[in-house]
Amino acid sequence: VTQKGLWLKDLDLTAYLRYNLKDSSKLAWFELRRHWSNFDLTFQWQQTFGGSNSEFGLLPERRSVQVLGTYYF
C-alpha cells in the first residue's frame, strides 16, 4: 500500500504485510518519508510474528526501527 501526499504534500506512506499460509507467520513493514528539495527524512519500522520454527519467526530481529536521512546533491 502506498499513499502519496498523506496529510502533507511531501509526506508519503508505504506499508506491506507478508503472510505465510503454511506456518501463519507474518512480516510487517511500514515507512513514512518526508521529501524536501535536497533531502529526505525517513522513518521505517519492521516487525516479524511467528514461532521460532516459522519462516518469519526464525529471523533474529523481531522488531527493527530506523530513522534515515538522504541528501541529494
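Predicted model: local features only at pLDDT ≥ 70, side-chain atom pairs only at ≥ 80, totals over all residues.
Strands are taken here as DSSP runs of at least two residues, numbered from the N terminus. On that basis Leu41 falls within strand 4.

Five strands make up an open sheet in which the order is 1-2-3-4-5 and the pairing is antiparallel. Strand 1 (2–3) and strand 5 form the edges, each pairing on one side only. In general, strands of a sheet pair through backbone hydrogen bonds, in either a parallel or an antiparallel arrangement.

Between strand 1 and strand 2 (residues 11–19), the antiparallel pairing extends over two bridges. Thr2 has Thr14 as its bridge partner in strand 2. Strand 2 also pairs with strand 3 (residues 26–35), again in the antiparallel sense, and here nine bridges are found. Within this pairing Leu17 is placed opposite Ala28 of strand 3. Strand 2 and strand 3 form a hairpin, with six residues between the two strands. Ser24, located in the turn of this hairpin, has a positive phi of about 65 degrees.

Four aromatic pairs are present in the structure. In one of them, the ring centres of Phe30 and Phe43 are 6.4 Å apart and the ring planes meet at 70 degrees; planes over 60 degrees apart count as edge-to-face, so the Phe30 and Phe43 pair is assigned to that class. Because Phe30 belongs to strand 3 and Phe43 to strand 4, this pair ties together parts that are 13 residues apart in sequence. Phe30 is partly exposed at a relative accessible area of 27%, and Phe43 is likewise partly exposed, at 33%.

Phe43 is also a member of a nonpolar patch on the surface. The patch consists of Trp36, Phe39, Leu41, Phe43, Val65, Val67, Tyr71 and Phe73, which together have about 900 Å² of accessible area. Two or more residues of the patch are given by strand 4 (39–49) and by strand 5 (63–71).

Leu41, another patch member, is positioned in strand 4. Leu41 and Leu13 are separated by 28 residues in sequence, while their C-alpha atoms are 12 Å apart in space.

A polar contact of 2.8 Å joins the side chain of Gln47 to the side chain of Arg63.

Conventions: Residues numbered from 1 in each chain as written. Heavy atoms only, no water. Patch = residues over 30% accessible without salt bridge, like charges linked within 9 Å, V, L, I, M, F, W, Y side chains within 5 Å. Areas by Shrake-Rupley, 256 points an atom, 1.4 Å probe, with all protein chains shown as cover. Salt bridge = Lys/Arg side-chain N within 4 Å of Asp/Glu carboxyl O. Helix = DSSP H or I, 4+ residues; strand = E, 2+ residues; numbered from the N terminus. Pairing = 2+ DSSP bridges. Phe/Tyr/Trp six-rings, centres within 6.5 Å; stacked < 30°, edge-to-face > 60°. Buried < 20%, exposed > 50% of the residue type's maximum accessible area, 1.4 Å probe, protein only. Polar contact = N/O pair within 3.5 Å; in protein donor to acceptor, adjacent residues only side chain to side chain.
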